[in-house]
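Hi,

Here is the structure I promised to pass on. Have a look at it first, and then read on for what turned up.

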Amino acid sequence: MDQGGRSTAVHKTLEFPDLLRLIDERSTAFRAAIAVAPSLDLPVPTCPEWTLFDLVQHIGEGRRRWAATVSAGPDATSRTPAQGDAVAPQEREGVLAWLAASTELLLAALREAGPDQGCFTGWGVTQTPHTAGGVARHQVQEIAVHTYDAQLTVGDSASLPVEVALDGVEESLFIASFTRSAWPHKPTAFDFHAAEDRSWRLTVDGDGARTTRLPAIDEAPEAAGLSIRGTASDLVLWRYDRISADSLQLDGDPKLLDLLFAWEPEDWA
């Protein structure tokens, strides 16, 4: 609290060891959901046309490909083929062991590289660096959101852990909402307010779109065109199309969201 009694949010980017810990924790939670599923043929509600086995394949193969890509170092110009056996076994015990091995391959590659090693990321020019640390940060969000998918499928859905979700709001904005293409409408701003007392502003104008941190919910420098409020978990799940905007509180002009969603800058292709 400051001397005036107002809340002063302190933004903290997760450190590299925290990212590795969270990849491991969310991967363990993912496997726990797979372990209790009555069948791997269950459809995944949040991933249309995918079964739980498809999700397993995506997670395991994806971690192996990222492990190989990180290991390839800064000279790689594309995603590298997966290391080892890239196809999930059909048996439940084999699946769980394969997933665990996939996660360990990724973690080992990240540990070996360290956070500052250059790395192909595939996301173009953004506010997130093209480093192993940037990959690790994104991997936390990918496994966290897909763990939500798996938990929802087996009827045991849970919110994203707070530290994962708080970092995820910023990480998704830094990657998916950055562009140097001019905003084709009147300049405005979108404020994202997490109930856990963290806030961000996405500014869109003639210089493109970029995100900055706000010091506190009640300390924005000027009114945004639209403010979007919810728990950090709900903000991330909405950003990844897992829940609708109906789960959030919108203050301002909701038509701005339609303009944002319809916008297709060339460097977002």
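How many nonpolar, polar and charged residues does the lining of the largest pocket have? Sorted by class, there are eleven nonpolar, five polar and three charged residues. Please keep in mind that this is a predicted model.

That largest pocket holds about 590 Å³ of space. Its lining is made up of 19 residues, and those nearest the centre are Ser-172, Ala-176, Ser-177, Arg-239 and Tyr-240. The largest share comes from α5, with four residues.

The second largest pocket has about 250 Å³ of space. It is lined by 15 residues, and His-58, Arg-63, His-138, Glu-142 and His-146 are the closest to its centre. By class, the lining of the second largest pocket has three nonpolar, six polar and six charged residues.

Next, the aromatic rings. The whole structure contains three aromatic pairs. One of them joins Trp-183 and Trp-263 edge-to-face, with 4.9 Å centre to centre and 85° between the planes. Trp-183 sits in the loop between α5 and β1 (188-194) and Trp-263 in the segment after α7, so this pair links distant parts of the chain, 80 residues apart. Both tryptophans, Trp-183 and Trp-263, are buried.

Trp-238 and Phe-261 make a tilted pair, at 6.2 Å centre to centre and 55° between the planes. Because Trp-238 belongs to helix α6 and Phe-261 to helix α7, the pair ties together parts 23 residues apart in sequence. Are these two partners buried or exposed? Trp-238 has a relative accessible area of 8%, so it is buried, while Phe-261, at 55% relative accessibility, counts as exposed. Ring pairs also bring in Phe-192, which forms a cluster with Trp-238 and Phe-261.

Elsewhere, Arg-79 lies over the face of Trp-66, 4.2 Å from the ring centre.

One more arginine to look at is Arg-26, in helix α1 (residues 16-36). Its relative accessible area is 16%, and because the cut-off for buried is under 20%, Arg-26 counts as buried. Leaving aside residues up to four places away in sequence, Arg-26 touches Ile-143, Ala-144, Thr-147, Gln-151 and Pro-161.

How values were computed:
Residues are numbered from 1 along each chain as its sequence is written. This is a predicted model: local features need pLDDT of at least 70, side-chain atom pairs count only at pLDDT 80 or more; totals for chains, interfaces and linings use all residues. Side-chain values use heavy atoms; hydrogens and water are left out. On a 1 Å grid over the protein atoms alone, a cavity is a set of points where a 1.4 Å probe fits but cannot get out, and a pocket is an open set with protein on both sides within 12 Å along at least five of seven lines; lining residues have an atom within 4 Å of a point. Grid points are joined across faces, edges and corners, and a volume is the space filled by probe spheres set on the points. Helices (H or I, at least four residues) and strands (E, at least two) are DSSP runs, numbered from the N terminus. Ala, Val, Leu, Ile, Met, Phe, Trp, Tyr, Cys and Pro count as nonpolar, Asp, Glu, Lys and Arg as charged, and the others, Gly among them, as polar. Buried means under 20% relative accessible area, exposed over 50%, partly exposed in between (1.4 Å probe, protein chains only). Contact means heavy atoms within 4.5 Å. Rings of Phe, Tyr and Trp (its six-membered ring) pair if their centres lie within 6.5 Å; planes under 30 degrees apart count as stacked, over 60 as edge-to-face and the rest as tilted. A charge sits over a ring if NZ of Lys or CZ of Arg is within 6 Å of the ring centre and within 35 degrees of the ring normal.
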